[in-house]
Number of protein chains: 4
Amino acid sequence: MGSKSDLLPRPLRGIIPPMVTPLLERDSLDVVGLERLIEYILAGGVHGLFILGTTGEAPSLSYRLRFELIERVCAQVNRRVPVLVGITDTSFVESVNIARKASDAGAQAVVLAPPYYFPAGQAELLEYLKHLTAELPLPLFLYNMPRYTKAIFEPETVRAALDINGIVGLKDSSGDMMYFHRLQSLLKDHPDFTLLMGPEELLAEAIFLGAHGGVCGGANLLPQLYVDLYNAARCLDLSAAGALHSRVMQISTTIYSVGRYESSFLKGLKCALSCLGICSDFLAEPFHRFRAAERDTIRRHLEELGITPAR
Amino acid sequence: MGSKSDLLPRPLRGIIPPMVTPLLERDSLDVVGLERLIEYILAGGVHGLFILGTTGEAPSLSYRLRFELIERVCAQVNRRVPVLVGITDTSFVESVNIARKASDAGAQAVVLAPPYYFPAGQAELLEYLKHLTAELPLPLFLYNMPRYTKAIFEPETVRAALDINGIVGLKDSSGDMMYFHRLQSLLKDHPDFTLLMGPEELLAEAIFLGAHGGVCGGANLLPQLYVDLYNAARCLDLSAAGALHSRVMQISTTIYSVGRYESSFLKGLKCALSCLGICSDFLAEPFHRFRAAERDTIRRHLEELGITPAR
Amino acid sequence: MGSKSDLLPRPLRGIIPPMVTPLLERDSLDVVGLERLIEYILAGGVHGLFILGTTGEAPSLSYRLRFELIERVCAQVNRRVPVLVGITDTSFVESVNIARKASDAGAQAVVLAPPYYFPAGQAELLEYLKHLTAELPLPLFLYNMPRYTKAIFEPETVRAALDINGIVGLKDSSGDMMYFHRLQSLLKDHPDFTLLMGPEELLAEAIFLGAHGGVCGGANLLPQLYVDLYNAARCLDLSAAGALHSRVMQISTTIYSVGRYESSFLKGLKCALSCLGICSDFLAEPFHRFRAAERDTIRRHLEELGITPAR
Amino acid sequence: MGSKSDLLPRPLRGIIPPMVTPLLERDSLDVVGLERLIEYILAGGVHGLFILGTTGEAPSLSYRLRFELIERVCAQVNRRVPVLVGITDTSFVESVNIARKASDAGAQAVVLAPPYYFPAGQAELLEYLKHLTAELPLPLFLYNMPRYTKAIFEPETVRAALDINGIVGLKDSSGDMMYFHRLQSLLKDHPDFTLLMGPEELLAEAIFLGAHGGVCGGANLLPQLYVDLYNAARCLDLSAAGALHSRVMQISTTIYSVGRYESSFLKGLKCALSCLGICSDFLAEPFHRFRAAERDTIRRHLEELGITPAR
């Protein structure tokens with residue numbers, strides 16, 4: 001029988017959706033919605049599943065609920081695709097705790113952004129990674145999310161991290177393509193190290209220029225669209241990729257752009273999934289689900305996009 | 001028999017040091033150092049003790065260790081001064097968990113900065129406060145720390161929070177005196193609402209112009225200096241206050257300014273306490289204690305300041 | 001006969017209002033309003049006049065108009081108080097050109113913020129100052145305005161600038177009192193070097209703790225209020241200072257806070273001067289004067305403040 | 001005989017290098033170097049020339065020198081390609097002055113970033129554009145450079161600007177591809193409106209997804225490389241484009257990355273041109289040319305890139 005990371009290709013290619021966390025209340029999973037959502041996403045042909053990321057509202061959830069989620073998702077996915085689990089935390093000890101839980105539950109890898117209360121320097125980050133990987137039972141993906149963590153893994157730090165045993169890839173959600181291209185230059189001679197794009201608006205060009213895949217939030221809603229875009233871009237079919245990219249941009253400028261707060265992406269995504277009957281739109285504090293007016297706007301945008309509830 | 005908040009004056013006046021958390025290792029308290037530190041601080045005549053704030057490295061600590069700290073501190077202080085406990089967290093549920101622990105252990109109040117991963121809008125923050133206070137067993141102080149939390153309680157939000165039952169004060173660590181003066185204008189007719197200054201470099205002027213006290217990190221090291229400055233400023237003795245303020249500035253530009261990272265304040269403070277034989281200088285990840293060269297510099301600064309180990 | 005800088009005390013103490021530039025149109029001075037404004041301000045007992053600063057909209061004005069303004073102001077003031085002229089520019093050569101014009105017209109000093117398009121490093125700024133002062137015919141005040149220039153004169157740079165011949169003071173508009181206190185520590189042994197506070201909300205505490213004066217925008221509107229506050233604070237009359245500071249805060253939270261843009265300070269100030277019949281409220285692009293609704297609000301705030309047009 | 005803008009295609013396609021300004025001293029053009037540089041660039045097959053942009057150090061130059069440059073460049077280019085002239089200024093009046101000079105000298109268009117001292121709101125920016133274009137004798141390109149101007153033309157503002165007569169295109173130097181893609185979505189039905197990419201590291205993907213060309217600083221040094229990349233990307237030859245893009249990245253991570261300041265791009269570019277014997281490496285304040293050690297590094301990088309002085 002294989003080990004837990006047998007399932008994890010090196011590099012990991014394709015679309016690995018950052019799953020939203022369906023909630024009934026602040027500390028209660030929408031269990032039925034969760035099962036439906038997992039099956040809906042997997043049916044789209046995705047190449048992995050990433051839970052407890054930013055889109056999954058991980059920092060807003062209790063540890064109890066995070067542990068329940070890990071168990072339920074791993075059981076439901078049942079090794080059909082690799083499951084990646086976010087362990088980002090301000091506390092080293094709690095990151096390790098989550099990673100152990102993930103390993104016990106059968107996940108294939110863990111994902112870590114820098115600790116996000118105190119802004120660490122690059123030397124401190126590198127030392128942090130060395131200490132942490134020594135305690136981790138699963139391979140680690142680095143995760144750049146400077147908007148929320150105030151820190152980025154600078155190219156020189158990524159270069160040094162290549163020598164740390166257990167670090168197998170990086171997901172970049174900085175939205176900074178110049179940084180991304182610098183990473184690509186850096187990783188030219190490390191074909192096994194996975195480089196994944198966060199913002200779906202940048203997926204096409206990332207794949208054209210060599211990235212391995214994308215962690216696209218929109219793949220909660222339209223998994224196949226992102227798989228198709230990944231495939232078109234990987235085959236260098238610029239014409240198909242351009243058309244699919246336009247559709248991605250349409251989602252971005254409609255579904256994700258309702259309301260005036262930074263959280264509109266998350267609220268729009270959960271609201272759309274709720275309109276489609278997939279799962280609840282409850283959000284953990286400090287956020288709140290869209291009210292009726294915004295929900296109507298989302299419903300209208302879904303219609304314009306030709307997305308309708310499955311019958 | 002009095003309730004837990006009997007001990008909490010309204011407003012709370014004076015110096016309430018944000019205690020450092022003495023650690024032997026990443027998940028292990030320096031129990032002996034903790035007892036020594038508490039007695040050392042209380043001997044300086046402070047008016048309260050604030051644990052699990054930024055200076056206390058709360059976000060870097062496991063919940064297990066935070067709970068142990070709450071119990072030990074409340075037991076040791078034993079109602080000699082009010083104990084305030086930081087419950088800032090990205091997860092609403094975990095904030096409530098810590099607050100309950102604090103209440104059970106005998107603390108007098110809790111302190112909350114905005115959830116710090118997702119940046120919340122002001123309307124979201126206000127709703128957050130309404131939901132949270134309904135669940136809290138202790139009075140709440142708001143805590144502005146925009147550098148680390150990406151959000152500030154805007155004056156209009158503070159005005160609205162005055163109507164929320166259970167919110168009794170605010171600690172401002174923004175370092176923005178213009179904001180602080182706006183709050184003072186706003187609170188003119190709310191004499192029971194406590195307004196505390198965070199950065200000790202701004203303590204004198206805050207007290208001159210009406211603040212109730214300060215949450216001075218340096219009061220871990222020299223509690224009496226800050227108590228003296230508070231008293232001089234409160235009595236409008238500008239000459240004495242000026243001299244004491246100069247000493248505070250000397251600490252700020254020496255002990256807190258060694259090394260090149262933002263964390264130099266925390267590292268310098270813990271290093272100085274260790275040089276004085278009070279407690280360990282171990283820091284939780286992502287930080288690390290000063291090495292020999294920086295420790296020598298701290299030791300030299302302590303000598304220049306005339307601070308020497310008690311015999 | 002005395003030289004142009006005979007009029008300039010070392011240090012320069014008191015209130016030096018940053019004069020607004022009365023305009024009839026984008027490239028046309030309100031000459032009558034200008035004369036009235038100068039006499040109105042001087043009648044308040046101020047200790048100097050600073051033209052072509054941020055409040056004077058200098059960067060928005062043509063060089064032709066700036067030159068006309070320098071000549072008219074110097075002629076009108078006629079050595080009653082020192083005139084300081086802003087020479088901040090992205091072009092070294094143009095800064096020197098304005099300084100020469102100021103010297104020829106009879107001004108006493110020039111004021112320079114860092115060049116504000118390209119953000120210079122501290123070593124570059126220091127070299128800039130060395131090159132520039134060699135070309136300047138008048139003493140120079142440094143001007144911190146990081147919000148608009150993206151650069152601040154760091155304490156170490158100010159320390160090095162003390163050795164540059166011709167640099168006589170610094171005006172800090174950063175609003176950062178911790179920085180200001182660091183400068184004060186640094187300048188302890190340089191009693192001739194003038195340290196001035198920009199934001200009027202911070203004037204009282206700056207004077208308490210040793211600053212020489214303030215460059216208060218509100219002194220266009222109520223020159224005597226700021227002179228009184230300066231005097232109360234200098235005499236350590238905390239009670240009088242507190243009351244005058246409250247009035248300053250009332251202006252700040254009313255007159256300067258109408259409208260939603262950063263420019264509300266400038267618009268409110270010019271609008272109020274216009275309501276009082278002192279000068280035109282025209283603003284140079286990219287700004288525009290308040291419309292009727294906002295003007296009514298300003299008028300109401302003036303009434304609440306008990307400020308009415310002179311008869 | 002045709003008007004000045006006959007030469008300006010709609011849209012303008014291809015590589016339009018932002019020319020560096022060869023200087024002998026702070027206020028003195030390197031006239032011989034300038035002629036050599038123009039011919040060197042034009043020989044590379046570029047499609048236009050943009051002077052007095054950020055790379056041209058425009059804000060650091062005196063108006064006298066800017067006017068001299070405009071005249072010399074227009075005379076030398078002599079209508080072989082369109083000349084675009086930067087008129088970005090904090091003063092509306094001075095922007096118009098430069099535009100008139102450009103028109104008189106025979107330039108084809110002008111380029112404007114937002115006024116960069118006072119940060120304008122979007123409504124203010126739009127009104128600014130309406131007022132300004134009414135005074136301009138040449139077609140206008142908008143120029144996004146938020147890092148230096150603190151303002152960006154938001155998508156809604158660009159949409160509104162489409163209705164202003166005389167605005168013909170936009171150059172985006174934000175480096176934010178998500179913003180760029182939003183603009184592309186917006187401009188789908190305006191095929192005559194030119195959309196140009198600033199950062200050369202993003203040229204390939206911008207062209208793949210529909211942009212008309214690039215304003216590549218590196219085209220001062222290797223004009224043909226960028227023309228080749230433009231052509232490969234336009235023909236959707238991803239394989240050739242990928243190889244050329246790698247070479248662009250190599251330049252970016254070597255020549256532009258020497259030294260520790262933000263200005264390393266500009267210093268590296270001028271130093272490389274000087275090493276190749278094309279023009280002087282003098283920089284206007286606040287910057288300074290590289291010293292010997294950094295110059296040796298640049299020379300080494302040029303050798304690694306296989307770029308050697310023409311014989």
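Helices here are DSSP runs (H or I) of at least four residues and strands are E runs of at least two, numbered from the N terminus. The model is a predicted one, where local features need pLDDT of at least 70, side-chain atom pairs count only at pLDDT 80 or more, and totals for chains, interfaces and linings use all residues. Residues are numbered from 1 along each chain as its sequence is written, chains are lettered from A and ligands numbered from 1 in the order in which they are written, and side-chain values use heavy atoms, with hydrogens and water left out.

Now step back into H1(B) itself. It takes in residues 31-43, 13 residues, and reaches 18 Å from its first C-alpha to its last, close to the 18 Å expected at 1.5 Å a residue (that is, 1.5 Å times one less than the number of residues). Gly33(B), Leu34(B), Leu37(B), Ile38(B), Ile41(B) and Leu42(B) are buried in this helix; buried means under 20% relative accessible area, exposed over 50%, and partly exposed in between, with a 1.4 Å probe and protein chains only. Seen down the axis, the buried residues of H1(B) fall within an arc of 160 degrees, so they line one face; the arc is taken from the directions from the helix axis to the C-beta atoms. An α-helix has 3.6 residues a turn, so residues three or four places apart point the same way. On the face turned away from the buried side sit the exposed residues Val32(B) and Ala43(B). The cover over the buried residues includes strands S3 (28-29) and S4 (49-51) and helices H2 (63-77), H9 (223-234) and H11 (264-275) of chain B, with contact meaning heavy atoms within 4.5 Å.

Over in chain D, eight strands form an open, parallel sheet in the order S1-S10-S9-S8-S7-S6-S5-S4. S1 and S4 (49-51) of chain D are the edge strands, each pairing on one side only. Two strands count as paired if DSSP finds at least two bridges between them; S8 (167-172) and S9 (194-197) of chain D have four, in the parallel sense. Asp172(D) stands opposite Met197(D) in S9(D).

Leu52(C), in the loop between S4 (49-51) and H2 (63-77) of chain C, has a positive phi near 65 degrees and counts as buried at 4% relative accessibility. Asn78(C) also has a positive phi, near 50 degrees, but counts as exposed at 54%. A cis peptide bond joins Glu285(A) and Pro286(A), with omega about 10 degrees.
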